[in-house]
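Hello,

Have a look at it first, then read on.

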Amino acid sequence: MQLIQGGAGVGKSAALMPVAAMLKQDGRSLFALAHAGRTARDFGAKLDVPASTVDSFLGRFKRVLDGTASPERMAEAKATLSGSVIMVDEASQIGNERLAKLIELANGMDVSRLILAGDTRQLPAIEAGKPFELLQKEGLATATITENLRAQSPQMKALNDALDNRNLGRAFDLLKPNTVEVPFAKGPETAAKLWAKLPEGERDRTLLLASVRAMRTAANAAVQRERMTRGELDGEEKRVNVLDRVTITREGARQMKGYQDGRIVEFRTALPSQGFERGDRGEVKGAENGKVQLAMADGSVRQFTPDKLPRNLSHDAVSIYQQKNIGVYEGDRIRWTDNDRQRGLLNGDFAQIESIGRHSMTVLTRDGERHELSRGDRMLERLDLAYAINVHIAQGMTADNGIILMSEKEKMLNSTQSFLVAVTRIADSATLVVDNVKALERDVTRNIGGKTSAMETAQSKPTIQLPVPEKTLDFDFGL
């Protein structure tokens with residue numbers, strides 16, 4: 001196994017392009033993986049190799065991993081993977097369980113090399129563990145890339161240098177000429193006006209980043225109002241009920257705090273012991289004493305016990321959503337909040353509403369493909385306005401310019417890690433919109449972010465209990 005550590009903008013995935021070309025020339029099969037579908041697709045396009053999410057890849061070989069594959073299927077998997085190279089981008093977002101399975105698969109199928117590229121200082125996996133960081137601490141072979149290729153302007157080069165040296169005071173000083181300080185309630189509107197007044201071509205090269213869900217929603221609504229005032233949106237408003245996914249870990253789904261009244265619970269796997277089928281969903285009507293009351297589509301109210309969710313699933317047993325009603329117009333920019341792989345619509349991808357009819361709407365993807373979403377289409381619920389996005393969605397993106405909307409009121413979410421990810425998306429010019437810049441600087445400096453592993457909590461010498469492949473490729477990564 002080979003690790004590649006590099007900060008944002010150093011070109012980790014680009015550095016693997018000549019590696020991929022040489023390996024393909026040598027006749028080896030390559031697979032490009034990432035946590036998110038959009039990232040995987042872009043990574044695969046750079047390397048010109050098949051790409052998928054880590055979850056999809058593991059699902060493809062599920063029976064091989066659990067030992068239920070037929071001899072024919074085992075032979076087929078071995079023929080596919082033996083001697084191949086698996087490359088994983090944004091590997092810091094891969095948790096313990098998924099990486100352990102990936103390593104187990106690589107070992108069992110005689111994969112020649114597993115290459116993990118990522119950055120320990122950016123956002124980690126949502127689920128348990130931070131194996132990419134701990135494997136580095138254990139001394140696993142790591143190639144480090146340090147030269148930042150993304151930053152182009154003197155401001156951004158100096159900002160990246162300050163962040164590399166963990167000098168947050170210097171970073172905020174560099175942002176001072178481009179810092180707009182306004183009252184909390186005016187933040188989204190101010191950021192929206194800054195973005196909307198840009199020429200259309202420049203807007204497409206400018207990220208509007210919001211640090212939390214509520215600010216993102218407010219900024220999206222504010223941009224939409226600005227565009228309406230400017231006459232850029234056509235037709236009548238269409239109200240759409242959408243599902244805004246609540247980010248929780250699989251263990252978090254077993255706890256009661258995520259099941260707030262009004263939220264939607266969708267079952268991603270069958271739970272026969274509790275009487276739920278895959279695809280069932282209900283609205284939370286109460287939660288106490290370890291039981292959740294769900295109002296189902298057929299009018300019944302059924303009881304669900306989160307603590308009884310299976311512990312050994314390779315995917316989420318349930319998804320929890322916050323219901324949200326938004327208005328959309330022809331011309332609005334949207335993003336998908338879930339995947340429809342059959343149509344190539346990936347979570348986090350952008351699209352534009354081209355036309356709205358009485359019972360359907362037509363959207364145009366960034367790839368130039370048109371899709372009609374008719375009444376009952378599940379993707380009508382899996383969209384949101386996309387003028388503003390949060391840092392988790394932005395990780396892996398690059399833009400010429402950026403407007404970063406933050407508030408010192410969000411103390412728990414203002415961290416060195418999230419601030420670094422936001423700033424380092426940008427190549428030329430960053431603007432900070434905040435209610436109290438001094439308080440924000442204090443919070444970001446104090447809260448490093450990230451998480452503590454179980455091994456670190458136990459304050460013992462870390463010992464990674466992962467099967468590490470012994471095979472190596474005859475390739476010098478120092479080239």
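Arg333 lies over the face of Phe350, 5.8 Å from the ring centre. A second case involves Lys409, whose charged end sits over the ring of Phe184 at 5.6 Å from its centre. For both I used one criterion: NZ of Lys or CZ of Arg has to be within 6 Å of the ring centre and within 35 degrees of the ring normal.

A word on the source before going further: this is a predicted model, where local features need pLDDT of at least 70 and side-chain atom pairs count only at pLDDT 80 or more, while totals for chains, interfaces and linings use all residues. Residues are numbered from 1 along each chain as its sequence is written, and side-chain values use heavy atoms, with hydrogens and water left out.

Now the aromatic pairs. Rings of Phe, Tyr and Trp (its six-membered ring) pair if their centres lie within 6.5 Å; planes under 30 degrees apart are stacked, over 60 edge-to-face, and the rest tilted. By this rule the count is eight aromatic pairs. One of them joins Phe267 and Phe304, edge-to-face, with 5.2 Å from centre to centre and 85° between the planes. Phe267 belongs to strand β10 (residues 264-267) and Phe304 to strand β13 (residues 301-304), so this pair ties together parts that are 37 residues apart in sequence. Helices (H or I, at least four residues) and strands (E, at least two) are DSSP runs numbered from the N terminus. Phe267 counts as buried at 1% relative accessibility, and Phe304 is buried too, at 0%. Here buried means under 20% relative accessible area, exposed over 50%, and partly exposed in between (1.4 Å probe, protein chains only).

Phe304 also pairs with Phe276, edge-to-face, at 6.0 Å centre to centre and with 85° between the planes. That pair links distant parts of the chain, 28 residues apart: Phe276 is in the loop between β10 and β11 (281-288), and Phe304 is in strand β13. Both Phe276 and Phe304 are buried. Together, Tyr259, Phe267, Phe276 and Phe304 form one aromatic cluster.

On to the helices. How do α1 and α2 lie relative to each other? The axes of α1 (residues 12-25) and α2 (residues 37-47) come within 8 Å and cross at roughly 50°. Axes are lines fitted to C-alpha atoms, for helices over the stretch in contact, and angles run from 0 to 180 degrees between N-to-C directions. Angles under 35 degrees count as roughly parallel, over 145 as roughly antiparallel, 65 to 115 as roughly perpendicular and the rest as oblique; α1 and α2 are therefore oblique to each other. In α1, Ser13, Leu16, Met17, Ala20 and Lys24 meet Phe43, Lys46 and Leu47 of α2, where contact means heavy atoms within 4.5 Å. These residues divide into five nonpolar, one polar and two charged. (Ala, Val, Leu, Ile, Met, Phe, Trp, Tyr, Cys and Pro count as nonpolar, Asp, Glu, Lys and Arg as charged, and the others, Gly among them, as polar.)

Helix α10 (residues 187-196) is largely enclosed by the rest of the structure, because seven of its 10 residues are buried. Those buried residues are Gly187, Pro188, Thr190, Ala191, Ala192, Trp195 and Ala196.

Most residues other than glycine have a negative phi. Asp48, in the loop between α2 and β3 (51-53), has a positive phi near 60° and is exposed at 60% relative accessible area. Asn289, in the loop between β11 and β12 (291-296), is not a glycine either, yet its phi is positive at about 55°; Asn289 is exposed at 73%.

Leu123 lies in the loop between β5 (113-118) and α7 (131-137) and is buried at 5%. Leu123 and Val391 are 268 residues apart in sequence, but 8.9 Å apart in space, C-alpha to C-alpha. Leaving aside neighbours within four places in sequence, Leu123 is in contact with Ser92, Gln93, Val391, His392, Gln395, Gln417 and Val421.

Val246, in the loop between β9 (234-245) and β10, is buried at 10%. Not counting residues up to four places away in sequence, Val246 touches Arg213, Arg263, Ile320, Tyr321 and Gln322.

Best wishes
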